[in-house]
Amino acid sequence: MPPSRRVAVIGAGAAGLAATKALLDEGVGVVTYEQGDRPGGLWARDNASGLSPAYPSLHLNTSKGRTEFADFPMPQRWPDYPSADLVAGYLADYSTEFGLTGHIRFGTTVTSVERSPQGWTVTTGTGETDRYDAVVVANGHNWRPRWPEPAYPGDFDGSQMHAHDYRGPEIFRDRRVLVVGMGNSAMDIAVDASYVAHGPVLLSARHGVHIVPKYLFGRPSDATGGALAALPWRMRQRVAETMLRLAVGTPQQYGLPAPAGGLFQNHPTISDTILHRLTHGEVAARPGIERLDGDSVVFTDGSSEPVDVIVWATGYRVHIPFLDARWLGEDPERLPLYQRVFHLEDPSLAFVGLMQSTGAALPVVEVQAKLAAACFSGGYALPSPEEQRRAVDRALRAAVARWGDRRPQMRIDFDQYVADIPREITAGRARLRRGARPFTTPAREGSPA
């Protein structure tokens, strides 16, 4: 491996930290750019960047045993579902334990990443530039709010906010609150607001989701699901849905809309408390919105409710502002990547964390980081471009069959993926032994672009 090889990592959240560690483990020089003032990314609730959507009541919705990095287990004394503050501290400790912090340039925003025959040029907001042999994009995709598009017709006299900006329930005190969405943030905010709002908090959604309690039969629910990992996903789905119906019933029994797909096809909402607040009348389910009408909201069933504040818990858009459309296409959510890591046109551009998993993110980004590091250290050979394209096409067909048209390029099955990537690293090493070419620096081979 050439000692001068250098890789830029963009972002020091969980994905960027995992990438930094994996590259250092392989002896690759790495510089990590982070616009905040500490490691942790979206989990760093007091981060000066102001981009973190973490709020005081936020906890993991996957259990610690299924969330932790394999290389850095969470403390045994911790609860099964740690708080956001514990997770932020865990990521900071990870950075310290493995000597990552000294490689991170905090308070630095990357404004452009451009390709040349000599490699990649990274430019920051201060105008500084540096050149690298490869780039790992790890900037996350849960920080640019997605608002309803097109906007609902009509005008609203009250206040509106996105769940990204939620920091605590006091803003809802004695106000009539409507939360729009069925994801984890929507449920958390509705529950928080229900203790201080005027009247029941309204929870509106056009489509339902499966609601999974954090414990099933005395164990963390995702551990129960993990025990079924060896089964085909359709069989796992049938077994898990049966267990869920026996444990808590269906969403319809709580007045919520029916799930739009199967349990392992659309991401479930993990919550113990929302069903409790629904059954006590402190949260009230409503259908989708038809229009806004002054101080009221009209729903698709024709009913109308007075509302003071609307919380749009409508998710996030993938946004990678420092790369131009040549690398991202029209929609980065549809960007094809080999193993959800390597750009098909130029594998010296890699992505860690640009995926939507059926489980926790940290084990996924950890194996992705190790795959990228194996490649950039010269210890792994990619298959031919044609084989990469065929593999991506097969994965997309399977994803569309399972998840439909909702981000199919980004979707992965957690258990299958975390098991497959180590096998892919082994296969890449075997390709090297058979004479395949490893990654070489652009300065040595010229631009592949």
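In which strand does T121 lie?

View 1. T121 belongs to strand β5, residues 119–124; helices (H or I, at least four residues) and strands (E, at least two) are DSSP runs, numbered from the N terminus. The structure is a predicted model, in which local features need pLDDT of at least 70 and side-chain atom pairs count only at pLDDT 80 or more, while totals for chains, interfaces and linings use all residues. Residues are numbered from 1 along each chain as its sequence is written, and side-chain values use heavy atoms, with hydrogens and water left out. T121 is buried, at a relative accessible area of 18%; buried means under 20% relative accessible area, exposed over 50%, and partly exposed in between (1.4 Å probe, protein chains only). Apart from neighbours within four places in sequence, T121 is in contact with S112, V113, E114, T129, D130 and R131, where contact means heavy atoms within 4.5 Å.

**View 2. The largest nonpolar core.** A nonpolar core is a set of buried Ala, Val, Leu, Ile, Met, Phe, Trp, Tyr and Cys residues joined through side-chain atoms within 4.5 Å. The largest core holds 55 residues, of which L23, F69, V136, F342 and F376 touch the most other members. Two or more residues each come from β1 (6–10), α1 (14–25), α3 (84–97), β7 (134–137), α9 (362–376), α10 (385–403) and α11 (414–433). The greatest contribution to this core is that of α9, with 11 residues. With neighbours within four places in sequence left aside, F342 is in contact with L337, P347, L349, A350, L371, A372, C375, F376, Y380 and L382. A second, separate core has 41 residues, among them M161, A163, A190 and L275.

**View 3. Packing of α1 against α9.** The two helices pack at an angle of about 35 degrees, with their axes 8 Å apart; axes are lines fitted to C-alpha atoms, for helices over the stretch in contact, and angles run from 0 to 180 degrees between N-to-C directions. The crossing of α1 and α9 is right-handed, a term for a near helix turned clockwise from the far one by less than a right angle, left-handed being anticlockwise. From α1 the contact involves A14, A15, A18, A19, A22 and L23, and from α9 it involves L362, V365, E366, A369, K370, A373 and F376. These residues comprise 11 nonpolar, no polar and two charged; Ala, Val, Leu, Ile, Met, Phe, Trp, Tyr, Cys and Pro count as nonpolar, Asp, Glu, Lys and Arg as charged, and the others, Gly among them, as polar.

**View 4. Salt bridges at E333.** A salt bridge is a side-chain nitrogen of Lys or Arg within 4 Å of a carboxyl oxygen of Asp or Glu, and the whole structure contains 19 of them. R146 pairs with E333 in a salt bridge whose closest N and O atoms are 2.8 Å apart. R146 is in the loop between β8 (144–145) and β9 (154–156), and E333 is in the loop between α8 (325–328) and β23 (337–338), 187 residues apart. R146 is partly exposed, at 23% relative accessible area, whereas E333 is buried, at 12%. R407 also forms a salt bridge with E333, with closest N and O atoms 3.1 Å apart. R407 lies in the loop between α10 and β27 (411–412), 74 residues from E333, and both R407 and E333 are buried.

**View 5. The D308 and R176 pair.** The side chains of D308 and R176 form a salt bridge (3.0 Å, N to O). D308 occupies the loop between β20 (304–306) and β21 (309–312) and R176 the loop between β10 (159–162) and β11 (177–180), so the pair ties together parts 132 residues apart in sequence. D308 counts as partly exposed at 22% relative accessibility, and R176 counts as partly exposed at 28%.

**View 6. Surroundings of F299.** F299 lies in strand β19, residues 296–299, and is buried with a relative accessible area of 1%. Not counting residues up to four places away in sequence, F299 touches L178, L202, S204, R286, P287, G288, I289, E290 and E305. F299 and S204 are 95 residues apart in sequence and 8.6 Å apart in space, C-alpha to C-alpha.
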